[in-house]
Number of protein chains: 2
Amino acid sequence: MTEAPRRPGKPPRVRLVDVAREAGLSKTTVSAALNGTGRLSPAVREKAREAARRMGYRPNATARQLRAGRARLIGYVVGERAHAPWTFLESPYFAQLTGATAATALRRGYAVVLLPAGSLQQEWADLPLDAVVVADPVAGDRIVDDLLAAGIPVFSDRSVEGRAGAHWVDVDASAAIRGALDHLRQEGARRPAMVLPGSATGFHAGVLAAYRDWCAARALPERIAHTATPGNGPVIAAVERALTGCEKSGRPDALLVVAEASPPLVLEAARRNGYEVPRDLLLVCVSEDMTAEHTRPTTTTLSLRPQEVARVGTELLMAVLEEGRTETSGVWVPSRLDVRESSRRPRSG
Amino acid sequence: MTEAPRRPGKPPRVRLVDVAREAGLSKTTVSAALNGTGRLSPAVREKAREAARRMGYRPNATARQLRAGRARLIGYVVGERAHAPWTFLESPYFAQLTGATAATALRRGYAVVLLPAGSLQQEWADLPLDAVVVADPVAGDRIVDDLLAAGIPVFSDRSVEGRAGAHWVDVDASAAIRGALDHLRQEGARRPAMVLPGSATGFHAGVLAAYRDWCAARALPERIAHTATPGNGPVIAAVERALTGCEKSGRPDALLVVAEASPPLVLEAARRNGYEVPRDLLLVCVSEDMTAEHTRPTTTTLSLRPQEVARVGTELLMAVLEEGRTETSGVWVPSRLDVRESSRRPRSG
DNA sequence: TTGAAAGCGCTAACAG
DNA sequence: CTGTTAGCGCTTTCAA
């Protein structure tokens, strides 16, 4: 027989049956009264409610979940930064993505559980997750397959396309980068350089390909500096490399920083290396960092729209969960170029 | 009779009883085999495990929780920023606090659920939370009382002290501010100004009191600029007010920015107003923003140690949960002044 | 060494 | 209109 696992020191919690006994009614009646279901006389309903209130009754959420067959809980894990599993929140992109995911889910009655970046399904097998959001999986990581094998619906970026149970939302990396480069060119840039993370997400692969194609189509030289790890230090170092390295192809006259860095620091690095922005160098940062609006000059950014990605994706996931669909579905979200002073060539010279 | 709430299209999940039938054993035996409990013959144990593996069995976490009497889930809600319930993640302080809370909890087998800032217990009553962490409650908000009334253990800062079931961890605002001001004075500052958020957290109240006492004790003039809302714009505006306002008491020669802002932007604002840091103005920012290490000059920061606060607090909470203690317990975490170039007076003038 | 049965707290089907 | 009862999937006691 099961002994109720009573915590020492805690008063045992009030259960439905306690309320029923107190009110002189049955469990069913009280349940119906509290949930607003069934057809009960107003008097009885009020009696049940009153007793529940008086006794401080709160339904046991776990029991409800068991009955309902789902927990209304979704996991959230990021693919990148497995080496430092919690730093992702310090990136404005992921902070916004995470917040908007939680907000959207909660609005639909689902709660979001934070999972460490790069962790695997079996590390949190004890959580009753209805689905998992995998933000920016890296190429070849096991997490997505792991989840699908376990029969857990997955929501992620487009790299999961085609696997049953895997749904996606993504921004079009190629279009985004082409748009930014076209803008720079229109403002007069002829030798745009790029700073790119070394990571292996689908987005970064798309960025690299788009940049190469764009340069090739215009017979322009490529100039790429890779950053080893996330963080302002490495990115600033890469910016300096991009601005100073290899003399032969000429100094770059524009810079597209795809790695996440603080815009004011990027500007400062440019200045330090003898560039006045935007006179000598047009600058665009792929960034969600709000400081971009407050620099002098203000910094042009390419936003990957994490909030829209999260909102659209989560809505789609909810729909899939409630309808029990299983075929892959996907949605594109457009990126947005916020043109500010740093990328507008001043009139004449 | 209850019809199993079957999702359309989903293959029904493998249950313990299915594995038992397949293996020709009883539920009990299979359960014991998989959990490593009981005394079973190695052969039987292996047979059960093999069947489970083959059938892709995964235990139903909700059922286990119901049995266990708890969900190993803790909620995380912040008191501030109720007007924009998800922006807290974009603050480096909360990003680190949140990440470290989740990390510590998960290490002890608890998962963290993100809740919107300023929300109330009843909005997430359906979640089986074993406890809730309330980060930086604001004076007079209902959330803590709400939770305690519902019998849910609460972990928060020291402002909850004395209420049964409420445990806390905090940094000593007075000591932190005194330390920073003493440092500035030692470097030669005589007219330190301060930028402070308008918010009503216990920490900010402590900061204000400490600053006033410190100035009074030295017969120095107070100069305080308040920021209306979080965000770089308002804080930078307050910085400019602090640096330019009221001529009578003389220009400030040091600035302590308690509101969270990007250090490079604060430096830039100082420069724009004719101050060269550190020659004309010693600068200390209360900030966890890593950009402080990369500015020129590098920026002195006062760290509130969110990661340590989270770690210590969460460990304490876990201990309380497992032991069922109910008396309030509390811990202090020391703040840390990272002295960098912006607050070191250059030799002579 | 193994299995039958009780029961965690709740909701829903069905009988009264 | 209300109450009795089965059962969600699991673990654990107790008997065989």
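**Cores, domains and the DNA-facing surface**

In this predicted model, the largest nonpolar core comprises 111 residues, and I74(A), Y76(A), I74(B) and Y76(B) have the most contacts inside it. Apart from this core lies another, of 44 residues, including W168(A), V77(B), A150(B) and A166(B). A nonpolar core is here a set of buried Ala, Val, Leu, Ile, Met, Phe, Trp, Tyr and Cys residues joined through side-chain atoms within 4.5 Å; buried stands for under 20% relative accessible area, exposed for over 50% and partly exposed for values in between, with a 1.4 Å probe and protein chains only. In soluble globular proteins, nonpolar side chains tend to be buried together. Beyond four places in sequence, I74(B) touches (contact: heavy atoms within 4.5 Å) A105(B), Y110(B), A111(B), V112(B), V113(B), L129(B), A131(B), V133(B), L317(B), M318(B) and L321(B).

Residues are numbered from 1 along each chain as its sequence is written, while chains are lettered from A and ligands numbered from 1 in the order in which they are written. Local features need pLDDT of at least 70 and side-chain atom pairs count only at pLDDT 80 or more, whereas totals for chains, interfaces and linings use all residues; side-chain values use heavy atoms, with hydrogens and water left out.

Of the atoms of DNA strand D that come within 4 Å of the protein, 61% belong to sugar and phosphate. The bases are also approached: a polar side-chain atom of K27(B) is 2.6 Å from a base nitrogen, one of T28(B) is 3.1 Å from a base oxygen, and an N or O atom in the side chain of R67(A) is 3.3 Å from a base nitrogen. At least two residues of this surface come from each of α2 (27-35) and α4 (61-68) of chain A and α2 (27-35) and α4 (61-68) of chain B; α2(B) supplies the largest share, 4 residues. Helices are DSSP runs (H or I, at least four residues), as are strands (E, at least two), numbered from the N terminus.

Chain A divides into domain 1 (16-59), domain 2 (73-171 + 307-335) and domain 3 (173-304 + 337-343), with bounds from an automatic or database domain assignment. The C-alpha centres of domains 1 and 2 of chain A lie 39 Å apart. S343(A), in the segment after β12 (336-338) of chain A, is buried, with a relative accessible area of 0%.

Note on methods: Near = heavy atom within 4 Å. Polar contact = N/O pair within 3.5 Å; in protein donor to acceptor, adjacent residues only side chain to side chain.
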